Amino acid sequence: MAVFSGLTIELNDLEFRWPGQNVHCIHISRFTISTGERIFLYGPSGGGKSTLLSLLGGVALPQQGTIRLLGTELTQLSNPQRNRFRADHIGFIFQQFNLIPWLSAVDNALLSGTFSTLRRQRAGDMKKQAMHLFERLDLSP
């Protein structure tokens, strides 16, 4: 992976509101996460956590502002380009309602990688990497 000025995620003047809503549920002046940095996202139900993840994944687009991930400006990509970027670079493991019940925790974690040839080529043994990630996050598969 290339180095992207040390910033993996950069949000600027970000505003988002759901259709039909007058109030922004997300308003972020500036937020950055550096390469290798870890954060913990928490807050009350309805506080915008999942909405922020949808913006970071390119599933939703803000009404204003920029979202730069790995040096790519998501708001400038077409929907198919955002889908490809998400498949190649982003993975979410949601809780409960988005998990496929007949898959193991590891297989649920590996699912997003199956949509990207680039990810499969780059990762090598994806199951081994998933197990390493589970270990780093102190999760049991």
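Tutor: Contact here means heavy atoms within 4.5 Å, and the model to which we apply that term is a predicted one.

Student: Which residues is Leu-69 in contact with, leaving aside its neighbours within four places in sequence?

Tutor: Leu-69 is in contact with Thr-8, Ile-9, Leu-56, Leu-74, Phe-85 and Ile-90. Leu-69 also belongs to the largest nonpolar core, of 18 residues, where Leu-11, Ile-67 and Leu-69 touch the most other members.

Student: Which elements give two or more residues to this core?

Tutor: They are strand E1 (7-16), strand E2 (26-34), helix H1 (49-56) and strand E3 (64-69), and the largest share, 4 residues, comes from E1. Apart from this core lies another, of 5 residues, among them Val-106, Ala-109, Leu-110 and Ala-130.

Student: What makes the pair of Phe-16 and Trp-18 edge-to-face?

Tutor: The structure holds 2 aromatic pairs. In the pair of Phe-16 and Trp-18 the ring centres are 4.7 Å apart and the planes stand at 90°; since rings pair if their centres lie within 6.5 Å and planes over 60 degrees apart count as edge-to-face, the pair is therefore edge-to-face.

Student: Why is the pair of Phe-40 and Tyr-42 called stacked?

Tutor: The ring centres of Phe-40 and Tyr-42 are 5.8 Å apart, with the planes at 25°, and because planes under 30 degrees apart count as stacked, that is the name the pair receives. Phe-40, with a relative accessible area of 69%, is exposed, and Tyr-42, with 64%, is exposed as well, given that exposed means over 50%.

Student: How do you know that Arg-82 has no salt bridge?

Tutor: Arg-82, which lies in helix H2 (residues 79-89), is buried, and the nearest side chain of opposite charge, Glu-73, is 9.6 Å away, whereas a salt bridge requires a side-chain nitrogen of Lys or Arg within 4 Å of a carboxyl oxygen of Asp or Glu.

Student: What does the side chain of Arg-82 reach at 2.9 Å, and with which side chain does it make a polar contact?

Tutor: The side chain of Arg-82 reaches the backbone oxygen of Gly-58 at 2.9 Å, and it makes a polar contact with the side chain of Asn-79 (3.1 Å); both distances fall within the 3.5 Å limit for a polar contact.

Notes: Residues are numbered from 1 along each chain as its sequence is written. This is a predicted model: local features need pLDDT of at least 70, side-chain atom pairs count only at pLDDT 80 or more; totals for chains, interfaces and linings use all residues. Side-chain values use heavy atoms; hydrogens and water are left out. Rings of Phe, Tyr and Trp (its six-membered ring) pair if their centres lie within 6.5 Å; planes under 30 degrees apart count as stacked, over 60 as edge-to-face and the rest as tilted. Buried means under 20% relative accessible area, exposed over 50%, partly exposed in between (1.4 Å probe, protein chains only). A nonpolar core is a set of buried Ala, Val, Leu, Ile, Met, Phe, Trp, Tyr and Cys residues joined through side-chain atoms within 4.5 Å. Lys and Arg count as positive and Asp and Glu as negative; His and the chain ends are not counted. A polar contact is a pair of N or O atoms within 3.5 Å; within protein, one must be able to donate a hydrogen and the other to accept it, and residues adjacent in sequence count only if both atoms are side-chain atoms.
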